[in-house]
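These are my notebook entries on one structure.

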Amino acid sequence: STNRVHRIAVIPGDGIGKEVVPEGVRVLEAAAKKFGFKLQLDNFDFASCDYYEKHGRMLPEDWKDQIGKHDAIFFGAVGMPDKVPDHISLWGSLILFRREFDQYVNLRPVRLMPGVPSPLAGREPGDIDFWVVRENTEGEYSAIGGRMFAGTEREVVVQETVMSRVGVDRVLKFAFELAQSTPKKHLTSATKSNGIAITMPYWDERVKEMAKSYPDVKWNQFHIDILTAHFVMNPDKFNVVVASNLFGDILSDLGPACTGTIGIAPSGNINPERKYPSVFEPVHGSAPDIYGQGIANPIGQIWSGAMMLEHLGESEAAKAIVTAIEKVLAEPKLRTRDLKGPANTVECGKAIAEALA
Ligand code: NAI
Ligand code: MG
């Protein structure tokens, strides 16, 4: 029915974010028209270095009131290192969204698409198709620790890993449910309980416990070192891979790298309870080196839009967008320059919107 309305905060940010977000919006609007839902899109100019230059900060004081009630945030990229140091632009915007909106799942599909050569020899579309679920709020990336006797021979630094039962269980639950919803119903957990002998055995213990609630999901676990090797040697063996913050950070870059260009990889920073809006954004950054030329690949942004629609319950539309992306990628003349094609950002975006309609 047409009374499904999704309220989206649209934040292009910096650099090619400003070029690819309009293409993402184009495809979202085409999907809304075709699948009979409405989008209320509100544009925001903050979380950008232009905003910082005007206001001396990345976000307005009341940013949470402005975007905290939306159903989702459709984000481009942030960062213009020549204008604003990266730690200020990133920590003053995206990292705040992730923390304050408790987006404890970072979700990335790893999928080899037609027309995108894999750096792994002999792999075809269909061979690589899995999800990386990364814990996004605790684990190895904690603020607990410090430095003592700085600058002396007794200098000591300590940084503690933090794993809470709530924090571990909720990301495992998300991953098991995702695995259960897929045809293969398989889950892999990343561990290192042989070396990190306190927190990682705890992680494993919680996996085993959570698995009891999903008897139809088959699961296994690997130590992170051999798991990275399997990503390269046997990427066809994975379905859903769940990992702590640090391991997930590594795996969620390694996975997409095995499937070709960074220009097409999407991601979600998700608050599964929907207490707060989730952020959907391409994996790539603002690419200052190509900004202004209109040649950026818009597919990472467009695919992020598909993930957003899935999160909003528009599964059919989400799948249709991914299919449209595959159709366009299979056509050499519609590919952008990063894929050795002649198309520009707008041409590629329009082609996907048309393939969808
Ligand atoms: P980047 O992802 O912006 O660019 C890396 C390389 O990939 C560049 O050569 C770029 O031209 C190319 N590239 C990226 N996206 C592309 C696309 N859609 N189509 C074609 N080519 C593409 O990473 P980099 O250069 O390390 O960072 C640039 C800025 O972006 C920095 O300020 C950084 O902090 C920020 N950044 C922001 C992220 C975010 O908003 N989530 C994520 C990563 C970086
Ligand atoms: Mg990373």
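I began with terms: axes are lines fitted to C-alpha atoms, for helices over the stretch in contact, and angles run from 0 to 180 degrees between N-to-C directions. Helices (H or I, at least four residues) and strands (E, at least two) are DSSP runs, numbered from the N terminus. I noted that this is a predicted model, in which local features need pLDDT of at least 70 and side-chain atom pairs count only at pLDDT 80 or more, while totals for chains, interfaces and linings use all residues. Residues are numbered from 1 along each chain as its sequence is written, and chains are lettered from A and ligands numbered from 1 in the order in which they are written.

**Entry 1: H6 and H7**

I looked up helix H6 (residues 165-181) and found that it packs with H7 at an angle of about 45°, the axes being 10 Å apart. H6 and H7 are therefore oblique to each other; angles under 35 degrees count as roughly parallel, over 145 as roughly antiparallel, 65 to 115 as roughly perpendicular and the rest as oblique. H6 passes H7 in a right-handed crossing. A crossing is left-handed if the near helix is turned anticlockwise from the far one by less than a right angle, and right-handed if clockwise.

I then listed the contact, for which two residues must have C-beta atoms, placed from the backbone, within 7 Å. From H6 come Val168, Asp169, Leu172, Lys173 and Phe176, and from H7 come Trp203, Arg206, Val207 and Met210. Six of these residues are nonpolar, none polar and three charged. In this classification Ala, Val, Leu, Ile, Met, Phe, Trp, Tyr, Cys and Pro count as nonpolar, Asp, Glu, Lys and Arg as charged, and the others, Gly among them, as polar.

**Entry 2: H11 and its partners**

I turned to helix H11 (residues 315-329), whose axis comes within 8 Å of that of helix H12 (residues 345-356) and crosses it at roughly 125°. That makes H11 oblique to H12. Ala320, Ile321, Ala324, Ile325, Lys327 and Val328 of H11 meet Cys348, Ala351, Ile352, Ala355 and Leu356 of H12. I recorded ten nonpolar, no polar and one charged residue in this contact.

Helix H1 (residues 17-35) also packs with H11, at an angle of about 130° and with the axes 10 Å apart. H1 passes H11 in a right-handed crossing. Val27, Ala31 and Phe35 of H1 touch Glu316, Ala317, Ala320 and Ile321 of H11.

**Entry 3: the sheet**

I traced an open sheet of ten strands with mixed pairing, in the order E2-E1-E3-E12-E11-E4-E5-E10-E8-E9. Two strands pair if DSSP finds at least two bridges between them. Strand E2 (38-43) and strand E9 (218-223) are the edges, each pairing on one side only. Neighbouring strands are turned by 25° against each other on average, direction ignored. Strand E5 (residues 129-135) pairs with strand E10 (residues 240-243) in the parallel sense over four bridges. Arginine 134 has alanine 243 of E10 as its bridge partner. Helix H7 (residues 199-211) packs on the sheet, touching strand E8 (186-191) and E9, and its direction makes about 165° with that of E8. Helix H8 (residues 224-233) touches E8 and E9 as well, its direction making about 110° with that of E9.

**Entry 4: ligand 1**

Which residues are the closest to ligand 1? They are Gly79, Gly263, His284, Gly285 and Asn297, out of 22 that surround it. A residue is near a molecule if its C-beta atom, placed from the backbone, lies within 6 Å of it. I counted eleven nonpolar, seven polar and four charged residues in this shell.
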